[in-house]
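Please open the model in your viewer and keep the sequence panel beside it. The tour below goes from stop to stop, saying at each one what to select and what is there.

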Amino acid sequence: MVIFPNSKINLGLNIVGKRNDGYHDIETVFFPVLLKDALELIEQEKFEFSTSGSSIEGDPEKNLCIKAYDLLKKDFPQMPAVKMHLHKAIPMGAGLGGGSADGAFTLKLLNKKFDLSLSEKQLINYSLELGSDCPFFILNKPCFATGRGELLEPTEQDLSDHKIAIIHPAIHISTAWAFANIKPLRPAKSIKQIIQQPISTWKNELVNDFENPVFEKYPEIKKIKEKLYDAGAIYASMSGSGSAVYGIFNSKETFSFSFPKNYFIKEVNV
């Protein structure tokens, strides 16, 4: 059985407060985009996990696919061993939620494959144990998110007349560093309100709080955003804590970019 975990972009991202549990309260709109990994699962006698595609940094045993399997195996000991193979196409450490998507989709795949009869709410609860972004990928539709990112309110966000260009400069941004350089502040106007306005107004109002510290440390990321606007983007922003930057264009518009050869560049339809 094969499933295709997709990525996300953040339409605005405000860090509104520091929590007692060490996390931060945020507000954002998660928007799914059709840049996908591939995850295959086969039942076998011994658990096995392998990868291909883009290299995955860190300890393989900490991969969220493995964590998701172990999480369900603890509560469903009758679940058999499997071979999982993950092909990575979503850039890592880019703010596109690739790892979170892989973990959440593993939960959904195991639930379907082995008839675990877990409800959407139960899957969301499991996914939150994997990471703050993971619950979104259980719903996998545009959502206004608050709390750590786990409080999700589906929103009618139609970008069907647009296409999205995603640029990743092969720079890894530490999420911990990014949060450490933010002073939480609740904005006067909520993203929930701004997102309902015409997209032409977003450039001046819809912000990602991580951009200022990231752009200061990595000016080349700021230049990506500027080039997207120069190319005709209606709206451009860094996604999450970076370093991927996206631009939203009219679907009929053609554009071209000049970026270094090591940059990841992808155009996706909405």
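**Before you start**

This is a predicted model, in which local features need pLDDT of at least 70 and side-chain atom pairs count only at pLDDT 80 or more, while totals for chains, interfaces and linings use all residues. Residues are numbered from 1 along each chain as its sequence is written, and side-chain values use heavy atoms, with hydrogens and water left out.

**Colour by confidence**

Begin by colouring the chain by pLDDT, which is the predictor's confidence in each residue, from 0 to 100. The chain averages a pLDDT of 94, and 100% of the residues score at least 70. Helices (H or I, at least four residues) and strands (E, at least two) are DSSP runs, numbered from the N terminus.

**Helix α3**

Next select residues 120–128, which form helix α3, and within that helix pick out L123, I124, Y126 and S127, which are buried; buried means under 20% relative accessible area, exposed over 50%, and partly exposed in between (1.4 Å probe, protein chains only). If you look down the axis of α3, its buried residues fall within an arc of 165°, so they line one face of the helix; the arc is that of the directions from the helix axis to the C-beta atoms.

**Salt bridges**

A salt bridge is here a side-chain nitrogen of Lys or Arg within 4 Å of a carboxyl oxygen of Asp or Glu, and by this rule the count comes to 9.

Select D102 and K88, whose side chains meet in a salt bridge with an N to O distance of 3.1 Å. D102 belongs to helix α2 and K88 to strand β6 (residues 82–88), so that this pair, 14 residues apart, links distant parts of the chain. Both ends count as buried, D102 at 3% relative accessibility and K88 at 2%.

Move on to K225 and E211, a salt bridge in which the closest N and O atoms are 2.8 Å apart. K225 lies in helix α9 (residues 219–230) and E211 in helix α8 (residues 211–217), so the pair ties together parts that are 14 residues apart in sequence. E211 is buried, with a relative accessible area of 8%.

Salt bridges that share partners also join R19, D21 and D25 into one network. Within this group, the side chains of D21 and R19 meet at 2.9 Å, N to O; D21 is partly exposed at 43% relative accessible area, and R19 is partly exposed at 22%.

**Backbone angles**

Most residues other than glycine have a negative phi, and most peptide bonds are trans. With that in mind, select D115 in the loop between α2 and α3, where phi is positive, at about 50°, although the residue is not a glycine. D115 is exposed, with a relative accessible area of 63%.

N140, in the loop between α4 and β7 (143–146), also has a positive phi, near 60°, and N140 is partly exposed, at 22% relative accessible area.

Finish at G242 and S243, which are joined by a cis peptide bond with omega about 15°; S243 is found in the loop between β10 and β11 (245–250).
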